[in-house]
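Reader: I have a model open and some questions about its details. Can we go through them one by one?

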Amino acid sequence: MSINSYIDHTNLKAYATKEDIRKLCDEAKKYHFESVCVNPCYVELAKELLEGTNVKVCTVIGFPLGATPIAVKEYETIVAQESGADEFDMVINIGALKDKDYDYIKEEIETIRDTVGGKTLKVIVETCYLDEDEIIKMTEICNETFVNFIKTSTGFGTHGARLEDIEIMNKHKNEVLEIKASGGIKDLETATKMIEAGATRIGTSSGVKIMNEEVK
């Protein structure tokens, strides 16, 4: 399988313009990426640009800190869904995880899961701030809440995806849960290693570079 089918082609920069999103979508169409991942304000534009293609529109919820209340994340999800989003990458409340308030974490995940109504939900746990036990706990919570993916990173933390974190998730996930590796994946070698470790989706802003390396 070509690596293009693993890639969420991403531009979540604060200064991304409409022209940047047009370029992102043109590249996604050219290389047949799985999705584009854009900030919520660009969901409607991306949906329009990708009409008639198989490229999905992914957006982010509670991004990048995860520190907004559940009701705010829920409303953000509703607006994104009405704008045409196909997939949703939500950031957990990391402080609540540190407090071991697992009921809160489950509530916010289940709220967003129910709001997306069967569409793909990826739960961003920001592994750079977590120890191994916390990564295991979040993998278990994602198992229990029947989400589609556990995702390593926003790309805005102190580091992105690491192989050892993917391996921990892969060891503790059930047969349904998938893994999205994101943050700092800038070349074919790194992406391939993440996939070999268990990732089934790659979030990257370097999708074109990776594809060019693959065809060499």
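Reader: Where does Lys100 lie?
Author: This is a predicted model. Lys100 is not a glycine, yet its phi is positive, about 60 degrees. Its relative accessible area is 56%, so Lys100 is exposed. As for its place, Lys100 is in the loop between helix H4 (94-98) and helix H5 (102-116).

Reader: Is Phe146 buried or exposed?
Author: Phe146 is found in the loop between helix H6 (132-145) and S6. Phe146 also has a positive phi of about 60 degrees, although it is not a glycine. The cut-off for exposed is over 50%. Phe146 has 65% relative accessibility, so it counts as exposed.

Reader: How many disulfides does a search of the whole structure find?
Author: A disulfide needs two cysteine sulfur atoms within 2.5 Å. For Cys37, the nearest cysteine sulfur belongs to Cys58 and is 3.6 Å away, and Cys37 is in no disulfide. For Cys142, the nearest is again that of Cys58, at 15 Å, and Cys142 is in no disulfide. The search of the whole structure gives a count of 0.

Reader: Which strand holds Asp89, the partner of Lys151?
Author: Lys151 and Asp89 form a salt bridge, their closest N and O atoms being 2.9 Å apart. Lys151 is buried, since its relative accessibility is 3%. Asp89 is buried as well, at 0%. The pair links distant parts of the chain, 62 residues apart: Lys151 is in strand S6 (residues 149-151), and Asp89 is in strand S4 (residues 87-91).

Reader: By about how much of a helix are Lys209 and Glu213 separated?
Author: The side chains of Lys209 and Glu213 meet in a salt bridge at 2.6 Å, N to O. Lys209 is partly exposed at 44% relative accessibility, and Glu213 is partly exposed at 25%. They are 4 residues apart in helix H9 (residues 207-214), so the separation is about one helical turn.

Reader: How many salt bridges does a search of the whole structure find?
Author: Some of the residues involved are linked in a network: Asp8, Glu87, Asp89, Lys122, Lys151, Lys180 and Arg201. Over the whole structure, the search finds a total of 21.

Reader: What is the length of the polar contact between Lys122 and Glu87?
Author: Lys122 is found in strand S5 (residues 120-124). Its relative accessibility is 0%, so Lys122 counts as buried. A polar contact joins its side chain to that of Glu87, at 2.7 Å.

Reader: Which residue's backbone oxygen does the side chain of Asn39 reach?
Author: Asn39 lies in the loop between S2 and helix H2 (43-49). With a relative accessible area of 16%, Asn39 is buried. At 3.3 Å, its side chain reaches the backbone oxygen of Leu12.

Reader: Which elements give two or more residues to the lining of the largest pocket?
Author: The largest pocket holds about 430 Å³ of space. Its lining has 23 residues, and Thr10, Thr154, Gly155, Gly183 and Ser205 lie nearest the centre. The elements that give two or more are strand S1 (7-11), strand S7 (178-182) and strand S8 (201-204).

Reader: How many polar residues are in that lining?
Author: By class, the lining of the largest pocket has 4 nonpolar and 4 charged residues. The polar residues number 15.

Methods: Residues are numbered from 1 along each chain as its sequence is written. This is a predicted model: local features need pLDDT of at least 70, side-chain atom pairs count only at pLDDT 80 or more; totals for chains, interfaces and linings use all residues. Side-chain values use heavy atoms; hydrogens and water are left out. On a 1 Å grid over the protein atoms alone, a cavity is a set of points where a 1.4 Å probe fits but cannot get out, and a pocket is an open set with protein on both sides within 12 Å along at least five of seven lines; lining residues have an atom within 4 Å of a point. Grid points are joined across faces, edges and corners, and a volume is the space filled by probe spheres set on the points. Ala, Val, Leu, Ile, Met, Phe, Trp, Tyr, Cys and Pro count as nonpolar, Asp, Glu, Lys and Arg as charged, and the others, Gly among them, as polar. A salt bridge is a side-chain nitrogen of Lys or Arg within 4 Å of a carboxyl oxygen of Asp or Glu. Buried means under 20% relative accessible area, exposed over 50%, partly exposed in between (1.4 Å probe, protein chains only). A polar contact is a pair of N or O atoms within 3.5 Å; within protein, one must be able to donate a hydrogen and the other to accept it, and residues adjacent in sequence count only if both atoms are side-chain atoms.
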